[in-house]
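Take a look at the protein below. Keep the sequence and the structure side by side as you read.

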Amino acid sequence: MIPILLPIGALLTGAGFLLLGVGLMNTLLALRGSAEGFTDQTLGLLGSAYFAGFILGTYICPRLIRRMGHIRAFSFFAAGTAAFILLHALIIDPVFWFVLRVLTGVMLVGIYTVVESWLNTQAPGERRGQVFAVYMVVNLGALALAQQFLRLESPLLFTLFAVSAIFLMLSILPVAVTRLPQPLITDTPAMSIKSLWRAAPVAVLGSLLAGTAMGGFWGLGAVYAARMGMEAAQIASFISVAIIAGAVMQWPLGLLSDRIDRRLALAIIAGISAVGGLLMAILGPFGSGLVFAAAIFGAGAFAVYPVIVAHLIDHLHQEEILSGSAALLLLNGIGSAIGPALAGVLMGMIGAYALPLLFAVLFAACAGYALVQSRNTKDEIVEEPGHFVPMVRTSTAMLEMALDDQTGPTEYPTVEDETLYTQDSAVVDAEPAERRPADG
């Protein structure tokens, strides 16, 4: 394992620093906005703005990456994100924050595309699954660890914003010095939602519902914990426990989905998530009880989307898998953009308990539809059945890496050494700088 990881150590280190900064930023902004008196509706819109930027970035960033190359693109996106983090602390205004959150979403999907497409091309075909697993450990581990920095200082002070920005800037260092060949970003073919629905309606509805619920969790989960009287350290534990439980339970729940009707497995897993949401509403006032509820919720919720992806793969032909999964990712992103805004409105109308109750309703609907479909229709596998792969929703490059592990590696062209490509992939500089004669 170590010889495999050494060549991509710079990428994994950069990703680790990045996710520490991003994980801290997302929770910090929710807490700071709440402390500044932003309404729940406003906080929900801010969460939706981030995911709207994420969707927008999937169309903008591949072109920028092709134009700049991976190293310069990573530096550009990371530096921009760090600047936006600091601007949140300097100008406290909901409209200004809304714009910053959209821009941050664009920047981060660019970073994820750079890292994940690079890992995908550097990992040997027979080891791609191991590299993918290590990246997932780095991803979820960094997000969980990032919450603990909330213990350092009050969200009302500048310190935590600086810490988050520092991690973003540190992520540039290992990536900037790497000598790994830079891959080309390939365009993902499109697949219509109508075709997706005909192939796997459970995957379509489940992705939208799960995205709405998890968007609400990432956007307002920390706000709910604060409304229940938790201090910063307790909120850090609340978020961290949900992430860790989700990471730990993905494998056993994934094995379950590989052994029984995938729709029945999805009904069970979404049902666990719904129970967790209900417990969060019931145990909200009871400190440690809320952390327990978060563990139940996270154990199921983080496994829902990868089970849905595996179910979709079961119902697509080989040549349709990437485009279908990309369309599913878009649906999940739309749900993630809707979720925080919807949750914010409900919290403003009903109270803070509306958030976990929304989780319970959405995941219960997902479980109910999957259960009904599993009983009423036969699950006909198109080709070879897929396999569950623990994953998070980031970019289409992540999907490519996950799917390559199941269906065989896809070969991608690479840019050797310091060769740079323009937007249309024409070579503009094929000779490393140190080999050129001095000017004059």
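## The whole chain

The model is predicted. The protein chain holds 15 helices and 4 strands. Of its 440 residues, 57% are buried.

The chain exposes about 17200 Å². Carbon and sulfur atoms supply 66% of that area. Now take the contacts between residues at least 6 apart in sequence: 83% of them join residues at least 24 apart.

Helix H10 covers residues 232-259, which makes 28 residues. From its first C-alpha to its last, H10 reaches 41 Å. That is close to the 40 Å expected at 1.5 Å a residue.

Where does H10 bend? The bend is at Gln250 and comes to about 40°. A proline, Pro252, follows within four residues.

## A helix pair: H4 and H7

Two packed helices are described by the angle between their axes and the distance between the axes. Helix H4 spans residues 70-90, and helix H7 spans residues 159-176. Their axes come within 9 Å and cross at roughly 170°. Angles over 145 degrees count as roughly antiparallel. H4 and H7 are therefore roughly antiparallel to each other.

Which residues of H4 and H7 meet? From H4 they include Ile71, Phe74, Ala78, Ala82, Ile85 and Ala89. From H7 they include Phe161, Ala165, Leu168, Ile172 and Val175. An α-helix has 3.6 residues a turn, so residues three or four places apart point the same way.

## A closer look at H7

H7 has 18 residues, so at 1.5 Å a residue it should span 26 Å. Its end C-alpha atoms are 26 Å apart, which agrees.

Several H7 residues are buried, among them Leu160, Phe161, Ala165, Phe167, Leu168, Ile172, Pro174 and Val175.

Helix H11 covers residues 262-282, and Leu266 lies in it. Is Leu266 buried or exposed? Its relative accessibility is 3%, so Leu266 counts as buried. Buried means under 20%. Leave aside its neighbours within four places in sequence. Leu266 is then in contact with Val202, Gly271, Val304, Val307, Ile308, Cys366 and Ala370. Leu256 is 10 residues away along the chain, and its C-alpha is 9.6 Å from that of Leu266.

At 0% relative accessibility, Ala270 counts as buried. With neighbours within four places left out, Ala270 is in contact with Val304, Phe363, Cys366 and Ala367. Val304 and Cys366 are also on the contact list of Leu266. Ala270 and Ala360 are 90 residues apart in sequence, yet their C-alpha atoms are 9.1 Å apart.

## Two partly exposed residues

Thr39 is found in the loop between helix H2 (9-35) and H3. Its relative accessibility is 41%, so Thr39 counts as partly exposed. Which residue lies 305 residues from Thr39 along the chain, with its C-alpha 8.1 Å away? That residue is Gly344.

Ile60 lies in helix H3, residues 40-68. Ile60 is partly exposed, with a relative accessible area of 34%. Its C-alpha is 9.5 Å from that of Val109, a residue 49 places away along the chain.

Terms used
Residues are numbered from 1 along each chain as its sequence is written. This is a predicted model: local features need pLDDT of at least 70, side-chain atom pairs count only at pLDDT 80 or more; totals for chains, interfaces and linings use all residues. Side-chain values use heavy atoms; hydrogens and water are left out. Buried means under 20% relative accessible area, exposed over 50%, partly exposed in between (1.4 Å probe, protein chains only). Contact means heavy atoms within 4.5 Å. Accessible areas come from the Shrake-Rupley method with a 1.4 Å probe; for residues, only the protein chains shown count as cover. The expected span of a helix is 1.5 Å times one less than its number of residues. The bend at a residue is the angle between axes fitted to the seven residues ending there and the seven starting there. Axes are lines fitted to C-alpha atoms, for helices over the stretch in contact, and angles run from 0 to 180 degrees between N-to-C directions. Angles under 35 degrees count as roughly parallel, over 145 as roughly antiparallel, 65 to 115 as roughly perpendicular and the rest as oblique.
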